[in-house]
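Open your viewer, and let's walk through this model one selection at a time. Keep the sequence panel handy as we go.

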Amino acid sequence: MVMASEDEVSLLVIVVDVNPIWWGQQANREPQFTLSKCLDAVMVMGNSHLVMTRNNKLAIIASHCQESHFLYPFKLWKSGDGHGDDNPSTSGDGKYELLSVANDIMAEEIKILMSRTEVKGNQTDTLLAGSLAKALCYIHRVTKELEAGQEIKSRILVIKAADDCALQYMNFMNVIFAAQKQSILIDACVLDSDSGLLQQACDITGGLYLMIPQKIALAQYLLWVFLPDSDQRSQLVLPPPVHVDYRAACFCHRNLIEIGYVCSVCLSIFCNFSPICTTCETAFKIPLPQMVKAKKKKLKPST
Amino acid sequence: MDEEPERAKRWEGGYERTWEILKEDESGSLKATVEEILFQAKRKRVFESHGQVRLGMMRHLCVVIDTSRTMEDQDLKPNRLTSTLKVRKRGDRGDVGIITTKNKRAEKLTDLAGNPKKHIAALRNAKDSTCGGEPSLYNSLNLAMQTLKHMPAHSSKEVLIILSSLTTCDPANIYDLVKTLKALKIRVSVIGLSAEVRVCTVLTRETGGSYHVILDESHFRELLMFHVKPPPASASSECSLIRMGFPQHTIASLSDQDAKPSFSQAHLDSTSGGPGLSLGGYFCPQCHAKYTELPVECKICGLTLVSAPHLARSFHHLFPLEAFQESPLELHQGERFCVACQGELRDKSVFTCPWCCSVFCVECDLFIHDILHCCPSCIHSRP
């Protein structure tokens with residue numbers, strides 16, 4: 001197994017979907033797997049990542065329907081005192097101090113987040129694209145703040161609960177291409193139903209996609225599949241890649257099509273030929289059958 | 001020939017006192033001025049948004065690389081040729097072809113193709129070839145014109161010339177060729193590596209392209225980036241609805257009963273060796289010919305095959321992100337932290353998004369505009 005050298009920093013950003021509507025319904029469906037159990041599993045994953053090497057870094061973002069909030073690391077430089085001064089971090093059971101501090105901060109922040117946000121009627125989808133964008137900006141900042149000679153490898157792990165929101169398609173694709181350009185892997189651990197957007201994200205960036213058969217074993221799946229980083233993955237037998245549907249959806253009916261018409265100006269996709277593009281209102285030239293002119297043969301001078 | 005536009009050359013301007021830019025503070029250090037200059041360098045790029053102007057999205061670009069004697073000059077490390085070949089960036093929708101010119105002749109290095117892998121491989125091999133002789137602008141433009149002449153009318157036809165020499169050796173009058181290029185609506189742009197050459201100025205002015213001479217390597221990179229952006233479409237290019245296919249990628253394994261190995265159409269003509277038989281691939285929806293990579297034009301039925309992400313990559317040109325408003329840090333009330341990266345605001349200016357009024361630091365502003373193309377806060381409120 002390849003050992004990480006002193007100069008390699010591995011940054012893992014975990015984006016957890018904490019959609020209150022989905023988790024509320026989940027508490028009724030399966031009382032043994034609730035949001036707190038899910039966060040316990042995330043904490044185990046985060047702790048394991050931090051103890052693999054001293055150089056490993058961690059960040060956790062909670063993706064809600066109205067905002068994305070960083071659960072960890074905590075903004076210690078706020079004017080006034082940080083958590084570290086008020087509550088002594090000794091947990092009493094001999095745990096490594098860094099881990100117990102991290103767990104306490106995460107628990108505190110998620111309680112604050114869930115209690116302060118109220119869900120409004122029409123905003124019920126998880127803002128996953130926004131959380132991923134913030135994760136990319138955070139990774140960009142950490143990469144800039146490295147010391148000379150250090151290299152960084154970053155990846156994002158998305159734990160998804162609720163369904164996809166089709167309105168986020170364009171922003172999602174922007175985020176995916178940005179991650180691909182920065183060589184950041186996006187892994188996805190899906191709890192409930194398959195997500196086409198995340199399948200595309202994992203395929204384009206080179207990450208892993210897995211839909212978990214049994215939710216209560218979340219911690220096991222996280223540690224088995226998602227903890228090893230990209231260098232070690234080539235030496236393990238991991239779940240095979242899924243078939244990704246890259247067919248485009250037409251703009252008029254939102255059906256998936258195999259052959260379509262693309263406007264050369266705005267790149268909108270239509271399933272049938274129409275004389276006007278509905279997005280950019282360009283009038284198209286209708287192709288007429290071409291007249292074949294009789295060819296005149298020229299006598300070439302002999303060379 | 002129409003008149004030369006009034007342009008003051010540098011030697012025609014007044015006497016500049018460049019030392020006056022530097023100002024010392026009380027302790028005699030120049031630190032503040034140096035930081036200011038670095039800050040301005042970060043913000044140098046002007047974000048022009050084309051707004052309602054139509055952009056030419058389907059582009060056929062021919063890149064002409066001058067491989068004459070002057071490319072072995074050492075002023076760009078390690079030499080000019082290697083420097084040019086290092087900076088290759090994938091363009092947007094459309095095809096790219098590469099032509100090299102030396103010894104008064106022009107040769108096609110790679111044909112027009114959408115997939116960048118072949119070009120990158122050819123460029124890598126070209127790195128070791130020798131440079132010699134004089135370039136020929138006429139021959140290379142002629143060759144480019146032959147290829148671009150047959151392209152459909154709705155695509156924007158462009159030629160980008162990277163010229164290092166100050167001379168050109170042409171068999172015929174190049175101004176006649178310029179007239180032909182203008183009639184065919186081919187836009188020619190030139191990046192000069194040594195100095196301004198009048199024939200290039202005329203060439204680019206007549207065809208509607210741009211002419212730049214590089215100052216240093218980073219300026220070279222910036223100019224190439226500038227050419228990657230789609231240019232505004234000329235009014236005469238026709239808009240049409242292009243028929244395209246979106247094939248599914250089938251991954252078949254040996255344990256499947258129905259899996260039959262087949263040849264990929266792209267490999268039948270290639271000389272790169274290998275048997276070419278494979279189980280999975282992309283099947284054209286019209287004629288079921290198999291291909292291993294996209295985008296490609298089906299050789300059997302002529303349908304252009306793409307995948308949806310290829311089109312999505314160009315969306316950010318159509319819906320560009322507005323530039324953020326800059327304001328000094330002292331005037332900013334509220335918490336001093338950047339919404340995107342959660343870092344403290346330490347630079348002297350902060351940037352505010354005009355839609356959602358969130359505050360970002362300099363690094364995040366550059367990252368958002370260059371790479372991300374969407375504001376992280378806006379997509380929270382208006383997905």
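**Where the chains meet**

Welcome to a predicted model. Begin by selecting the contact between the two chains: chain B contributes 54 residues and chain A contributes 60. Together, chain B and chain A bury about 5,200 Å², with 67% of that area on carbon and sulfur atoms. Now highlight L241(B), F246(B) and H380(B): these three supply 15% of the area that chain B buries against chain A, more than any other three residues.

For polar contacts between chain B and chain A, the count is two residue pairs.

Switch to cartoon and look at the side of chain B that touches chain A. Among the elements giving two or more residues there are strand 7 (241–245) and helix 12 (378–381) of chain B. Helix 11 of chain B gives the most, with seven residues. Colour this side by residue class and you get 30 nonpolar, 14 polar and 10 charged residues.

**A stop inside chain A**

Now move to D17(A), in strand 1 (residues 8–17) of chain A. What is the nearest side chain of opposite charge to D17(A)? That is K160(A), 4.8 Å away; D17(A) is buried yet has no salt bridge, because a salt bridge needs the nitrogen and the carboxyl oxygen within 4 Å.

Note on methods. Residues are numbered from 1 along each chain as its sequence is written. Chains are lettered from A and ligands numbered from 1 in the order in which they are written. This is a predicted model: local features need pLDDT of at least 70, side-chain atom pairs count only at pLDDT 80 or more; totals for chains, interfaces and linings use all residues. Side-chain values use heavy atoms; hydrogens and water are left out. Helices (H or I, at least four residues) and strands (E, at least two) are DSSP runs, numbered from the N terminus. Buried means under 20% relative accessible area, exposed over 50%, partly exposed in between (1.4 Å probe, protein chains only). Lys and Arg count as positive and Asp and Glu as negative; His and the chain ends are not counted. Contact means heavy atoms within 4.5 Å. Buried area is the accessible area (1.4 Å probe) that two parts lose on being put together, summed over both. A polar contact is a pair of N or O atoms within 3.5 Å; within protein, one must be able to donate a hydrogen and the other to accept it, and residues adjacent in sequence count only if both atoms are side-chain atoms. Ala, Val, Leu, Ile, Met, Phe, Trp, Tyr, Cys and Pro count as nonpolar, Asp, Glu, Lys and Arg as charged, and the others, Gly among them, as polar.
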